[in-house]
Amino acid sequence: MSTASVPLPAWINYGVIPLLNLILAFLFSGLVVWAIGENPLEALNFLIQGALGRGDAIGFTLFYATSFIFTGLSVAVAFHAGLFNIGSEGQAYVGGLGAALVALSLDHYVPWYVTMPFAVVGAALFGAAWAFIPAWLQAKRGSHIVITTIMFNFIGAALMVYLLVNVFIVPGKMAPETRTFLAGGQLPKLDWLMALFGLKLGPAPFNVSFIIALVMCYLVWLLIWRTKLGYEMRTLGISPTAAVYAGIPYVRTVIIAMLISGGLAGMMSLNAVMGASARLQVEFVAGAGFVGIAVSLMGRSHPVGIVLAAILFGILYQGGADLSFEMPNITRDMIVVIQGLVIFFAGALEYMLRPAMVRLYQTATGK
Amino acid sequence: MNLQSSANEPAIELVGIDKKFGTVHANKNINLSVGKGSIHGIIGENGAGKSTLMSILYGFYHADEGEIRIQGRPVTIRDSQAAIAAGIGMVHQHFMLVENFTVLENVMLGAEGGQLLAKGVAGARKELKRLETDYGLDVDPDALIEELPVGNQQRVEILKALYRGADILILDEPTGVLTPAEADHLFRILQVLRDQGKTIILITHKLREIMAITDTVSVMRRGEMVATRKTAETTVTELAELMVGRRVLLRVEKGDANPGPVLLSVKNLTVKDGRGVTMVDDVSFDVRAGEIVGIAGVAGNGQSELLEALAGIRKPVSGEILIDGKPVGAADPAALRQLGLAHIPEDRHHMGLVLKFEEYENSILGYHHDPRYGRGSMLDLDAVRKSAEEQIEKYDIRPPNARLKTANFSGGNQQKIVVAREIERDPKMLLVGQPTRGVDIGAIEFIHRRIIEMRGAGKAVLLVSVELDEIRSLSDRILVMFAGKVVGEKTSDADEQTLGLMMAGIAA
């Protein structure tokens with residue numbers, strides 16, 4: 001109660017506190033690892049080595065991070081407008097349809113850099129379209145966006161399976177997926193970028209969509225903090241009554257915010273569909289939409305925070321996979337537990353350490 | 001400083017109470033002694049530390065230092081249970097009653113006396129009867145709270161405290177929601193309670209009430225207890241100066257009105273609230289350029305809904321609003337601003353400001369599409385901050401920092417942010433709702449002067465306020481609203497009794 005209103009400098013708020021939360025999360029994860037009879041330090045070493053130790057490890061980490069940046073931005077944009085978009089998962093999935101349609105139509109005729117802008121638009125349009133119905137229901141009918149977006153994840157999954165099994169499947173094949181895109185429908189790897197740092201990318205699918213993701217970070221920052229629309233979204237998100245007073249149109253703002261959110265989620269498919277597998281597969285999103293919620297929460301809905309949080313989750317994904325390979329006792333489920341602890345400490349218990357930090361800060365500055 | 005409140009022994013003593021919230025020193029070494037069987041007033045501006053002090057007394061906060069003595073014995077008040085046990089009862093500004101329970105059920109709540117109700121109910125009924133005869137607190141024990149007038153609901157709060165054996169009653173701004181007649185009734189009850197030996201602490205910012213009812217009065221300013229006086233030996237002027245720390249003008253000086261053409265016109269307007277209850281019932285009136293029309297009324301008689309309908313926030317069910325003689329139809333707030341209608345809303349926390357925004361962001365709320373703040377869809381933050389800094393300087397908003405979070409400004413300065421934003425746009429018409437609610441005296445003076453300036457500049461001003469003094473000192477014409485209807489129109493020299501009776505629905 002008494003420390004909540006005391007302002008802390010940004011380097012404590014955004015530097016020290018998240019770092020301490022992260023350390024706490026790893027300490028507790030260490031306890032879990034120790035409890036199942038493995039050496040926590042050794043496990044940590046496998047995790048870090050697996051995520052950052054080699055060129056291809058870093059490549060995989062950044063590949064995962066790219067997906068999480070898109071979905072994290074998606075959740076953040078909606079969140080600024082006061083909307084909790086749980087549907088990034090489904091919007092990314094349907095967005096994949098847009099990206100695949102563009103790739104399938106153009107890959108015979110043009111090089112990748114001509115296909116890319118169309119694919120960006122296609123993925124965004126399909127993702128946005130999937131967000132439109134929940135947005136419209138929220139804006140016009142008051143149906144709660146959390147409920148409708150969750151339901152649309154399921155509807156989207158069913159729709160995609162139907163399309164892949166009945167429409168896009170390659171005749172004579174058993175796998176429910178489209179044909180492999182030609183080079184004109186693929187996003188090239190960023191091996192030159194890795195080479196700049198003297199690293200070899202190897203088989204890791206780290207690709208151009210990482211750069212698209214960073215551009216989107218900048219555009220989202222611009223949108224939220226430098227445009228009139230962003231100002232209206234933030235007003236609506238913090239105080240719906242003040243938004244009414246200010247004449248900010250509720251229906252329009254809600255729908256636009258959700259379209260942008262859905263579009264960003266849809267772009268996640270550029271990374272997975274056009275950058276990695278070069279075909280549209282079932283379940284290619286693989287939970288990235290839900291990780292986006294944690295990434296946005298941890299990154300305080302700010303693009304810079306989202307990039308950092310996305311990389312952290314990339315490390316956990318890639319390093320975790322390596323860890324469970326090296327230490328068979330630590331299963332994939334244990335990795336999920338560790339990820340859960342990170343979300344728990346960094347997200348849910350965000351303010352746990354704040355009162356203590358305020359007291360420390362006050363003693364240190366003598367106030 | 002440690003002046004004894006009355007000849008009697010003290011019922012409650014605070015010795016060296018000190019409380020800090022972070023860097024805010026809310027209570028500085030407070031000493032206070034309230035005599036048994038007296039009514040003691042505590043006045044002070046918003047943020048002076050009155051509420052913190054009372055919260056410490058009632059166990060919501062804990063003092064960093066100092067001692068509380070009750071009937072001479074030191075006590076530790078850890079929570080409100082302990083406060084009740086020590087004989088302290090509190091009547092909050094906002095009632096803590098279960099609306100769909102009866103009076104009896106509310107009084108018993110938390111003191112039911114066992115698992116089965118029957119015995120407790122019988123006991124409570126008897127006790128209630130006794131309290132009623134002893135103190136003249138007549139309320140039907142079987143009436144539902146939601147069906148009682150506000151004045152009676154407050155009596156239930158007092159009964160609740162007495163039922164729990166309170167000897168010391170703290171009342172926090174008790175007359176804010178009452179009609180003048182109900183307030184008078186409350187004062188009579190308080191006098192009876194005092195004569196029966198109860199000790200009463202009355203927190204208020206209304207000097208008139210202090211003069212009318214208290215025996216002794218303490219003044220708080222910036223966390224300190226700056227003075228304690230016997231009420232009979234002080235004056236309103238002295239108390240006001242003590243509160244603010246300098247001389248204040250209590251009455252606003254203004255010249256004669258010079259009304260021009262009708263700018264804002266309301267014809268047979270009917271407005272319903274969210275539950276479908278008619279709040280504004282067939283109301284018609286005009287506001288001319290260069291005049292201030294005041295709408296008086298007890299809170300909840302349709303003024304708020306009227307103001308919201310005029311501002312485009314609430315859609316009227318029927319009737320017409322005309323600006324410059326043209327019907328505005330279903331115009332939204334943004335379109336009405338374009339027509340030159342500015343609005344200082346009643347509730348600055350939920351409407352007028354986004355408290356989490358920095359000051360400069362609030363300085364453009366509702367006007368963010370103005371091309372001055374950036375072309376096309378972009379916001380030009382440099383331009384916004386520059387205009388915010390100009391407003392800060394012109395309206396003496398403190399601290400003068402456009403990058404400070406709005407929640408960290410005091411109530412008066414928050415209101416100045418709203419007033420600056422709405423007036424600086426040079427509107428043709430100004431809607432003003434409770435312009436000085438929760439605002440300190442210094443800022444009240446400032447805001448009143450700005451409103452009078454608007455009138456001098458030929459603007460049409462509609463003022464809604466539950467503070468009758470404010471309405472009387474600012475308005476050229478006064479409309480009284482009761483139960484959604486305008487029940488009469490008076491000039492600004494109408495006397496308080498007449499207006500009070502009209503506000504209570506007794507036609508004058």
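Modeller: Helix α1 of chain A is followed by A:G37, whose phi is positive, near 90°. Helices (H or I, at least four residues) and strands (E, at least two) are DSSP runs, numbered from the N terminus. This is a predicted model, in which local features need pLDDT of at least 70 and side-chain atom pairs count only at pLDDT 80 or more, while totals for chains, interfaces and linings use all residues. Residues are numbered from 1 along each chain as its sequence is written, and chains are lettered from A and ligands numbered from 1 in the order in which they are written.

Colleague: Where does α1(A) bend?

Modeller: A bend at a residue is the angle between axes fitted to the seven residues ending there and the seven starting there. In α1(A) the bend is about 25° at A:V16, and a proline, A:P18, follows within four residues.

Colleague: Which residues of α1(A) are buried?

Modeller: A residue is buried if 20 or more other C-beta atoms, placed from the backbone, lie within 10 Å of its own, exposed if 12 or fewer, and partly exposed in between. The buried residues of α1(A) are A:I17, A:P18, A:N21, A:A25, A:S29 and A:V33.

Colleague: Into which domains is chain A divided?

Modeller: Domain bounds come from an automatic or database domain assignment. Chain A has domain 1 (7-38 + 329-356) and domain 2 (62-327), and their C-alpha centres are separated by 26 Å. Two residues are in contact if their C-beta atoms, placed from the backbone, lie within 7 Å. Between these domains of chain A, the contact takes 12 residues from domain 1 and eight residues from domain 2.

Colleague: Which domains does the assignment give for chain B?

Modeller: Chain B has domain 1 (1-87 + 167-248), domain 2 (97-164) and domain 3 (262-340 + 427-503). In chain B, 12 residues of domain 1 are in contact with 10 residues of domain 2. Helix α6 (residues 180-195) of chain B gives the most to the domain 1 side of this contact, with six residues.

Colleague: How many residues does each chain bring to the contact between chain A and chain B?

Modeller: Chain A brings 20 residues and chain B brings 23 residues. On the side of chain A, α9 (228-238) and α10 (240-245) each supply at least two residues, and α9(A) gives the most, with five residues. The side of chain A that touches chain B has nine nonpolar, eight polar and three charged residues. Here Ala, Val, Leu, Ile, Met, Phe, Trp, Tyr, Cys and Pro count as nonpolar, Asp, Glu, Lys and Arg as charged, and the others, Gly among them, as polar.

Colleague: Is the peptide bond from B:R398 to B:P399 cis or trans?

Modeller: This peptide bond is cis, with omega near -5°. B:P399 lies in the loop between α13 (381-394) and α14 (411-423) of chain B. The loop between α13 and α14 of chain B also holds B:D396, which has a positive phi of about 50° although it is not a glycine. B:D396 counts as partly exposed because it has 13 C-beta neighbours inside 10 Å.

Colleague: Where does B:D282 lie?

Modeller: B:D282 lies in strand β12 (residues 278-288) of chain B. Its phi is near 55°, a positive value in a residue other than glycine. With 14 other C-beta atoms within 10 Å, B:D282 is partly exposed.
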